[in-house]
Amino acid sequence: MTKYFPGPAATAAVTALALALTLTACSQEPTAGDPPGGTTGTTLSHIHGLGVRGDTLYVATHDGIHTPDAAGRPTLVGDRRDDFMGFTITASGTFLASGHPAPGSGGPADLGLVASTDSGRTWSERSLGGEVDFHSLDTASDATVYGYDSAGARLRVSPDGVTWEDRAALRALDIAVSPAAKDTVLATTETGVARSADGGRTFAPGKGEVLSYVSWGAPDALFGVDPSGVLFRGTDTGTGSGLRWARVSTVPGGAPQALTVVDARRLLVATQDGVYESRDGGRTFERRVAVASGKEGH
């Protein structure tokens, strides 16, 4: 693996996020690759989510969930090649996802919320099948599930992943829930990161840094990445919009496709040419998996 030492950050392009916020652009065309069933050698593109269990990396894509082998080659997990648009791994290790079924697999166009208790090898429907395509998913410390419904442009919240309550309507690309305060929710918007202190019922207007993706892996580990790949570390002041951002570095590989923060030192970012991991709080990165450039993330 090649180690990268990022140089000076480029200026964030606000218009790039506006393009990324075309939430209806999730297509369902077949993607070329290997036959299903744990095969290797697939070229990853259109990454929608990242997660880790222990030291194992999982990459949610337009063409199923993959994990790198010892040589860094992506291996399909299980045999489902669904377009997993939203993806998260809960504190208990359950995988939650949403999106669209693989072409020709039958069933409704929207997966709703699906869950896996065996690290993505098999999946079962939890709720909202045929009704919702969540483009972003996160969970609070009490296991409350937060999902951003892209078609309805609305945040939905569930105590158990089965029954749901509609909350704020807003146009967003990504959401993140505070690990320390279950009612504090962030959403990336065209005007900056919007903050809610009431479980997503209302949001303060987005302002400050215009970020594509945010992830809050631990109380002291809030990070965001802008449309050009500049990485920021955030501080929540707890009042009003309540956010301050400090530039850390520039992630290699161009525009971001996904961000997941594990803790204050470990984070993963998918860009146009790879999935990169940092073990020093985002100062330097190593490429874990190569990626074929996609036109956009979500």
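## Close-up views of a predicted model

**View 1**
Ala169 in S13 is the bridge partner of Arg154. The model is predicted: local features need pLDDT of at least 70, side-chain atom pairs count only at pLDDT 80 or more, and totals for chains, interfaces and linings use all residues. Residues are numbered from 1 along each chain as its sequence is written, and side-chain values use heavy atoms, with hydrogens and water left out. Helices (H or I, at least four residues) and strands (E, at least two) are DSSP runs, numbered from the N terminus. Two strands pair if DSSP finds at least two bridges between them. S12 (residues 154-158) and S13 (residues 165-169) pair in the antiparallel sense, over 3 bridges. S11 (residues 145-149) pairs with S12 over 5 bridges, also in the antiparallel sense. Tyr148 is placed opposite Leu155 of S12. Of the 5 residues in S12, 4 are buried. Buried means under 20% relative accessible area, exposed over 50%, and partly exposed in between (1.4 Å probe, protein chains only).

**View 2**
Most residues other than glycine have a negative phi. In the hairpin of S11 and S12, with 4 residues between the strands, Ala153 has a positive phi near 50°. The hairpin of S12 and S13 has 6 residues between the strands, and Gly161 takes a positive phi near 80°. Ala143 lies in the loop between S10 and S11. The phi of Ala143 is positive, near 75°. Ala143 is partly exposed, at a relative accessible area of 46%. His46 sits in the loop between helix H1 (14-20) and S2. Its phi is near 50°, again a positive value in a residue other than glycine. The relative accessible area of His46 is 24%, so this residue is partly exposed.

Rolling a probe the size of a water molecule over the atoms shows where empty space is left. A 1 Å grid over the protein atoms alone is used: a cavity is a set of points where a 1.4 Å probe fits but cannot get out, whereas a pocket is an open set with protein on both sides within 12 Å along at least five of seven lines. Lining residues have an atom within 4 Å of a point. Grid points are joined across faces, edges and corners, and a volume is the space filled by probe spheres set on the points. The largest pocket holds about 900 Å³ of space. Its lining has 44 residues, with Thr88, Ile89, Thr90, Asp138 and Thr139 nearest the centre. Strands that each supply at least two lining residues include S2 (47-53), S6 (83-89) and S10 (134-139). The lining splits into 22 nonpolar, 18 polar and 4 charged residues. Here Ala, Val, Leu, Ile, Met, Phe, Trp, Tyr, Cys and Pro count as nonpolar, Asp, Glu, Lys and Arg as charged, and the others, Gly among them, as polar.

**View 1. The surroundings of Leu128.**
Leu128 is in the loop between strand S9 (124-127) and S10. Its relative accessible area is 15%, so Leu128 is buried. Not counting residues up to four places away in sequence, Leu128 touches Leu111, Gly112, Phe134, Arg156 and Trp164. Contact means heavy atoms within 4.5 Å. From Leu128 to Ser98, the C-alpha atoms are 9.8 Å apart, across 30 residues of sequence.

**View 2. Salt bridges.**
Side chains of opposite charge can pair when their charged atoms come close. A salt bridge is a side-chain nitrogen of Lys or Arg within 4 Å of a carboxyl oxygen of Asp or Glu. The count is 14 salt bridges. Arg156 and Asp149 form one of them, with the closest N and O atoms 3.6 Å apart. Arg156 and Asp149 are both buried. Asp69 and Arg73 form another, at 2.9 Å between the closest N and O atoms. Asp69 is partly exposed at 22% relative accessibility, and Arg73 is partly exposed at 46%. Asp273 and Arg287 meet in a salt bridge at 3.9 Å, N to O. This pair links distant parts of the chain, 14 residues apart: Asp273 is in the loop between S22 (267-270) and S23 (274-278), and Arg287 is in S24 (residues 285-290). Asp273 is partly exposed at 29% relative accessibility. Arg287 is partly exposed at 30%. Shared partners join Asp55, Arg266, Glu277, Arg279 and Arg288 into one salt-bridge network.
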